[in-house]
Amino acid sequence: MSGFSTARQKMVDGQVRPSDVTDIRILDAMLAVPREAFVPASRRALAYLDLDLDVSEGESAKRFLIKPVVTARMLQAAEIRPGDNVLVVGCATGYAAAVIAHLAGQVTATESDPSLAATARDVLAGLGLANVTVRTAAAAAGDSANAPYDVIVLNGATEIVPDRLFGQLREGGRLVGVFASTQPPRATLVTRSHDDFGNRTLFDAAVPVLPGLERLAAFVF
C-alpha cells in the first residue's frame, strides 16, 4: 500500500470505526476516496489527521474539511440511501461530496468561494464521480433548482436557523449539521414532516462555522 493508502486505512480503523460508525457503506466510501486529493499540496501530509483541515488558498476566507469522524457520524445519522437526492452545503474542495457520491444517487454541492468550487469540480471529475454537480452559491441559499432533497448535509456549523435549507427538504427529508447557536455546539438531525421540523441531538461537536451561516453581531451601545 502507498503511504496515503495506509493513512486512509488507519483513519478508518483508528478514528472512524471506534466512534460507533458501523455502516459498512460509509466505511467503504471513506476507504475509496483519496482525501489527500482535496487538500493543497503543502498540507497533504495532514490529510488523514483527526482535525478540521484548512484547505483555503491565498487571501480567501478560511475553509475547512471537517474532521473525518464528524463527517462519518453525521452521514450515518442521515441514513443516505442509494437513490437519494442529496445537497452538500459549503463543500469546500469537495471531500464530503465525494464520500456521499458513493452512497447516494445524485449529489449537488454548493460552495460560496468560486475558486474552491472550481477546485472541487476538477477533483471530483478527476475521480470520475459523474453524479456530483458543484455550484457556486451562498451557504444559506442552498440550491432550489435541484430540490427537493432527501438529505441535506452541512459541511460545517451554523449559528442560525437555516430556514431556506429546511424549505428545500422533501417530505420525510433529513438535514444534518452542527448547530452552534448554543454551547456546546451539537450535531443535530432535523427531519421534515409536512411543514413541521423535528430535531434530534446526535453528539457534541465543534467545527468551523460556514461563511453565511454566522450569527449576526449584536449591537453594542
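Guide: Let us begin with Phe166, which is buried, at a relative accessible area of 10%. The model in view is a predicted one. The partner of Phe166 is Phe197: the two ring centres lie 5.2 Å apart and the planes meet at 25°, so this pair counts as stacked. Phe166 belongs to helix 6 (residues 163-166) and Phe197 to strand 9 (residues 196-204), so the pair ties together parts 31 residues apart in sequence. Whereas Phe166 is buried, Phe197 is partly exposed, with a relative accessible area of 27%.

A search of the whole structure gives three aromatic pairs. Another of them joins Phe4 and Tyr48; here the centres are 6.5 Å apart and the planes stand at 50°, so the pair is tilted. This pair links distant parts of the chain, 44 residues apart: Phe4 is in helix 1 (residues 3-16), while Tyr48 is in the loop between helix 2 (24-32) and strand 1 (53-54). Phe4 counts as partly exposed, at 34% relative accessibility. Tyr48, by contrast, is buried, with a relative accessible area of 7%.

Aromatic rings also meet charged side chains. The charged end of Arg73 sits over the ring of Phe203, 3.9 Å from the ring centre. Arg35, in turn, lies over the face of Tyr95, at 5.0 Å from the centre of that ring.

Helix 1, the element that holds Phe4, also packs against helix 3 (residues 68-78), at an angle of about 70° and with the axes 10 Å apart. Helix 1 is therefore roughly perpendicular to helix 3. On the side of helix 1, the residues that meet helix 3 are Met11, Gln15 and Val16; on the side of helix 3 they are Pro68, Val69 and Ala72.

Methods: Residues numbered from 1 in each chain as written. Predicted model: local features only at pLDDT ≥ 70, side-chain atom pairs only at ≥ 80, totals over all residues. Heavy atoms only, no water. Phe/Tyr/Trp six-rings, centres within 6.5 Å; stacked < 30°, edge-to-face > 60°. Helix = DSSP H or I, 4+ residues; strand = E, 2+ residues; numbered from the N terminus. Buried < 20%, exposed > 50% of the residue type's maximum accessible area, 1.4 Å probe, protein only. Lys NZ or Arg CZ within 6 Å of the ring centre and 35° of its normal. Axes fitted to C-alpha atoms, helices over the stretch in contact; angles between N-to-C directions. Parallel < 35°, antiparallel > 145°, perpendicular 65-115°, else oblique. Contact = heavy atoms within 4.5 Å.
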